[in-house]
Amino acid sequence: MGFKLFSSPLQGFTDFRFRNAFNKYFGGIDTFYAPYIRLNGIHEIKPAYKRDILPINNNGLEVVPQIMTNNADEFIYVAKYVQELGYKELNWNLGCPYPMVTKRGLGSGLLNDPVKINSILKKVYIECDITISIKMRLGYDKSEEIFQILPILQAFPVKSIIIHPRTGKQLYKGELDLDSFQRCIDYTTHTICYNGDITTVAQFNALAERFPMINHWMIGRGIIADPFLPGMIKNNTSTYPENRKITFSMFHDTLLNEYSQALSGPAHIIMKMFHFWEYFINSFPNSQKGLKKIKKAKSINAYEDAVREILT
Ligand SMILES: Cc1cc2nc3c(=O)[nH]c(=O)nc-3n(C[C@H](O)[C@H](O)[C@H](O)COP(=O)(O)O)c2cc1C
């Protein structure tokens with residue numbers, strides 16, 4: 001099996017509770033990229049971010065923390081913090097497309113500023129020795145922006161460049177620009193990882209055939225929509241295990257239990273689980289009614305009834 005599968009960071013979803021539950025029941029993921037850490041102008045990491053990457057909360061998982069910043073000093077501060085925890089790699093988020101982020105020149109909002117990217121990396125590489133990988137899009141406005149950045153990255157020993165072949169403006173929809181992704185491969189000697197819209201084994205196989213030189217693949221929403229997917233990709237099979245619903249139920253109950261302990265009050269717990277179900281429901285076609293019931297549930301009992309209807 002010559003390729004690696006990574007789990008994409010999804011803020012609000014792929015926290016340590018999800019990662020542990022996923023790994024217990026499904027597997028197939030080599031490395032989990034954790035959702036971003038972001039500082040708010042001061043050199044202080046919020047407790048929730050700290051909790052997410054604490055080694056004790058990630059036992060037996062291969063995790064890479066991520067930072068979203070446009071400031072070298074913040075980068076260095078977080079790099080040193082994660083190094084103290086034992087992490088060897090820090091991933092830099094240059095992909096987040098949300099206007100609240102991009103307007104501040106963060107995430108994909110930094111992709112039209114190659115000079116700044118260069119100066120941040122220069123300082124970071126001088127002042128710390130952490131391994132850096134980058135997660136990015138083709139650009140903010142246009143796919144061409146990446147071709148100003150790849151030559152700059154060529155001067156630094158970045159471990160890998162994870163590319164989601166869309167622009168920031170596209171958010172998470174619209175066509176993937178696979179031709180530009182191919183050009184990126186031809187444009188750099190760095191290791192490239194593909195990320196975007198892998199939701200079935202067949203789709204993965206088609207992409208793997210189109211890009212035979214790629215052996216690092218990252219999956220985000222597809223893992224939540226179908227947590228069996230990474231294992232099935234690894235085994236190159238479209239056949240689900242016979243105990244599919246039972247395994248999924250146990251995974252679901254573990255998540256529910258974890259979030260019941262972490263969140264206060266049924267409304268918060270049900271809302272959290274509902275957001276997961278907006279993805280999970282893809283695994284249960286014809287269950288849209290159940291999803292509505294989950295959304296309307298006012299108690300954990302009502303929530304569990306709705307879930308049982310979907311899962312039995
Ligand atoms: C709800 C949500 C949260 C996300 N959070 C992050 C994040 O924290 N860091 C990051 O690099 N990308 C984040 N992303 C982007 C994903 O990691 C991924 O690049 C994108 O969804 C495309 O991959 P996919 O089609 O396999 O989901 C997020 C995406 C979504 C939909």
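How many disulfides does the count come to? In this predicted model, the count comes to zero. A disulfide is a covalent bond between the sulfur atoms of two cysteines. Here the rule asks for a pair of cysteine sulfur atoms within 2.5 Å. The sulfur of cysteine 184 has its closest cysteine sulfur in cysteine 193, and the gap is 13 Å, too far for a bond. For cysteine 193, the closest cysteine sulfur is in cysteine 184, again at 13 Å. Cysteine 184 counts as buried because its relative accessibility is 0%. Cysteine 193 is also buried, with a relative accessible area of 1%.

Helix H6 spans residues 146–153. Six of its eight residues are buried, so the rest of the structure largely encloses this helix. The buried residues are Ile146, Phe147, Ile149, Leu150, Ile152 and Leu153. They pack against two helices, H5 (114–127) and H7 (178–187). They also pack against two strands, S5 (131–139) and S6 (161–167).

The ligand is surrounded by 19 residues. The closest are Ser8, Pro9, Gln66, Asn195 and Asp197. Several side chains place polar atoms by the ligand. In glutamine 66, a side-chain N or O atom is 2.7 Å from an oxygen atom of the ligand. In asparagine 93, a polar side-chain atom lies 3.3 Å from a ligand nitrogen. In tyrosine 172, a side-chain N or O atom is 3.4 Å from a nitrogen atom of the ligand. On its own, the ligand has 620 Å² of accessible area, and the protein covers 93% of it.

Methods
Residues numbered from 1 in each chain as written. Predicted model: local features only at pLDDT ≥ 70, side-chain atom pairs only at ≥ 80, totals over all residues. Heavy atoms only, no water. Buried < 20%, exposed > 50% of the residue type's maximum accessible area, 1.4 Å probe, protein only. Helix = DSSP H or I, 4+ residues; strand = E, 2+ residues; numbered from the N terminus. Contact = heavy atoms within 4.5 Å. Near = heavy atom within 4 Å. Polar contact = N/O pair within 3.5 Å; in protein donor to acceptor, adjacent residues only side chain to side chain. Areas by Shrake-Rupley, 256 points an atom, 1.4 Å probe, with all protein chains shown as cover.
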